[in-house]
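Let's take a walk through this structure together, beginning with the overall fold and ending at a single residue. Have the viewer ready and turn the model as you read.

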Amino acid sequence: MAELAEVTDQNFAAEVLQSDKPVIIDFWAEWCAPCRQIAPIIKDLADRYGDQVKIVKMDIDANPTTPGKYGIRAIPTILSFKGGQVVEQLQGARPKADFEAQVKNLL
């Protein structure tokens, strides 16, 4: 199982906005307990759907610009991008089915 790719403020446009596949990005931080709670779910989705959807993470402490641009005020926040545009947002620790539905909505 590969590690989830980490995107940064510097490579966000190339990795997410210009991606040829739909993208799900998990905005998280090391100190965030709900972020750690959903991490295995996000990892599982990346392992299962990675050939169809690009699933990445962004540490909001190390990369403050992008979360600010997208109005991320609470974490975890999971955004879905299609064609460089946000098409769905989930916030907080939720059941696996919610995240799975988010992936399926992109396909």
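Predicted model: local features only at pLDDT ≥ 70, side-chain atom pairs only at ≥ 80, totals over all residues.

The protein chain is built from 4 helices and 5 strands. If you trace these elements along the sequence, they come in the order β-α-β-α-β-α-β-β-α. The radius of gyration is 12 Å, close to the 13 Å that the globule rule gives for 107 residues, so the protein chain is as compact as a globular protein of that length. Along the principal axes, the C-alpha atoms fill a box of roughly 30 × 30 × 25 Å.

How much of the chain is buried? Of its 107 residues, 45% fall in that class. Now look at how the sequence folds back on itself: among contacts with a separation of 6 or more, 72% are made by residues 24 or more positions apart.

Finally, let's zoom in on D26, which you will find in strand β2, spanning residues 23-28. Is D26 buried or exposed? Its relative accessible area is 1%, so D26 counts as buried, the cut-off being under 20%. And which residues surround it? Beyond its neighbours within four places in sequence, D26 is in contact with I38, I42, V56, K57, M58, P76, T77 and I78.

Note on methods
Residues numbered from 1 in each chain as written. Heavy atoms only, no water. Helix = DSSP H or I, 4+ residues; strand = E, 2+ residues; numbered from the N terminus. Rg over C-alpha atoms; globule rule 2.2 N^0.38 Å. Buried < 20%, exposed > 50% of the residue type's maximum accessible area, 1.4 Å probe, protein only. Contact = heavy atoms within 4.5 Å.
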